[in-house]
Amino acid sequence: MVTLAFAVGVLGAPAPAAPDPAAVGWSWPLSPKPAVLRVFDPPDKPWLSGHRGVDLGPAPDGGTVTAPSDGVVTFAGVVVDRPVVTIDHGQGLKSSFEPVSSELRPGDTVRKGQVMGSLEPGHCGSTTCLHWGVRRGEAYVNPLEFVEDLRPSILLPLDQSPG
């Protein structure tokens with residue numbers, strides 16, 4: 001009889017590229033923890049279409065958006081027709097949020113959990129949602145890596161003796 005155990009990343013499994021959320025210390029930009037309405041779906045090539053972030057919600061109009069981690073605002077303004085806030089978190093990480101109206105200005109320092117602004121309608125049609133993107137350098141990464149443990153679960157035998 002073989003007994004199986006639930007384990008994560010042991011016995012020579014390759015180390016995941018995702019950071020340990022506890023070590024990073026980021027929080028969700030909406031509270032309570034929102035539903036993920038659309039997942040991260042990066043394109044195969046940088047110029048192709050895809051979804052370079054996640055859509056979170058639903059949230060009521062005027063919902064509060066908070067900084068997921070400490071950082072410095074690098075952009076707060078309108079891109080095409082949506083208000084956007086971008087934060088540089090250091091170590092090559094930048095996050096952006098839309099549609100978020102904000103009084104913040106480039107150069108402002110934000111702390112984890114600090115209110116950045118209010119969620120506006122306009123991104124997910126009739127449902128108000130927040131688009132959250134994260135870049136490491138120039139590459140987009142899954143924002144959920146910073147708030148959830150996305151490492152794969154691995155089943156391992158505990159006892160291989162016949163039973």
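This is a predicted model: local features need pLDDT of at least 70, side-chain atom pairs count only at pLDDT 80 or more; totals for chains, interfaces and linings use all residues.
Visitor: What percentage of the residues count as buried?
Guide: Buried means under 20% relative accessible area, exposed means over 50%, and partly exposed lies in between (1.4 Å probe, protein chains only). Of the 163 residues in the protein chain, 37% count as buried.

Visitor: Which residues form a nonpolar patch on the surface?
Guide: Patches are made of residues with over 30% relative accessible area and no salt bridge; like charges are joined within 9 Å, nonpolar side chains (Val, Leu, Ile, Met, Phe, Trp, Tyr) within 5 Å. In this model Phe75, Val79 and Val80 form such a patch, with about 290 Å² of accessible area together. Valine 80 sits in the loop between strand E5 (71-79) and strand E6 (82-90) and is exposed, at a relative accessible area of 80%.

Visitor: How many helices and strands does the chain have?
Guide: Helices (H or I, at least four residues) and strands (E, at least two) are DSSP runs, numbered from the N terminus. The protein chain has one helix and 13 strands. Its pattern along the sequence is β-α-β-β-β-β-β-β-β-β-β-β-β-β.

Visitor: What is the strand order in the open sheet of three strands?
Guide: Strands of a sheet pair through backbone hydrogen bonds, either parallel or antiparallel. Two strands count as paired if DSSP finds at least two bridges between them. The open sheet has the order E4-E10-E8, with antiparallel pairing. Strand E4 (64-66) and strand E8 (100-101) are its edge strands, each pairing on one side only. Three bridges link E4 to strand E10 (residues 115-119), and threonine 66 has valine 115 in E10 as its bridge partner.

Visitor: Is strand E11 largely enclosed or open?
Guide: Strand E11 (residues 130-136) is largely enclosed by the rest of the structure, because five of its seven residues are buried. Strand E3 (residues 54-57) runs antiparallel to E11 and is joined to it by three bridges; valine 54 stands opposite tryptophan 132 in E11. Strand E7 (residues 93-98) is also antiparallel to E11, with six bridges, and phenylalanine 97 stands opposite tryptophan 132. E11 and E12 pair in the antiparallel sense over three bridges, with arginine 136 opposite alanine 139 in E12. These two strands, E11 and E12, form a hairpin with two residues between them, and glycine 137 in the turn has a positive phi of about 65°.

Visitor: How many salt bridges does the structure hold?
Guide: Side chains of opposite charge can pair when their charged atoms come close. A salt bridge is a side-chain nitrogen of Lys or Arg within 4 Å of a carboxyl oxygen of Asp or Glu. The structure holds four. In one of them, lysine 33 meets glutamate 148, with the closest N and O atoms 3.1 Å apart. Lysine 33 lies in the loop between helix H1 (21-24) and strand E2 (35-38), and glutamate 148 in the loop between strand E12 (139-141) and strand E13 (153-159), so the pair ties together parts that are 115 residues apart in sequence. Lysine 33 is exposed, at 55% relative accessible area, whereas glutamate 148 is partly exposed at 24%.

Visitor: Where do arginine 111 and aspartate 70 lie?
Guide: Their side chains, those of arginine 111 and aspartate 70, meet in a salt bridge (3.4 Å, N to O). Arginine 111 is in the loop between strand E9 (109-110) and E10, and aspartate 70 is in the loop between E4 and E5, 41 residues apart.

Visitor: Is histidine 89 buried or exposed?
Guide: Histidine 89, in strand E6, counts as buried at 15% relative accessibility. Its side chain, that of histidine 89, reaches the backbone oxygen of aspartate 70 at 2.9 Å. With contact meaning heavy atoms within 4.5 Å, histidine 89 touches residues including Trp26, Pro68 and Lys94, not counting residues up to four places away in sequence.

Notes
Residues are numbered from 1 along each chain as its sequence is written. Side-chain values use heavy atoms; hydrogens and water are left out. Accessible areas come from the Shrake-Rupley method with a 1.4 Å probe; for residues, only the protein chains shown count as cover. A polar contact is a pair of N or O atoms within 3.5 Å; within protein, one must be able to donate a hydrogen and the other to accept it, and residues adjacent in sequence count only if both atoms are side-chain atoms.
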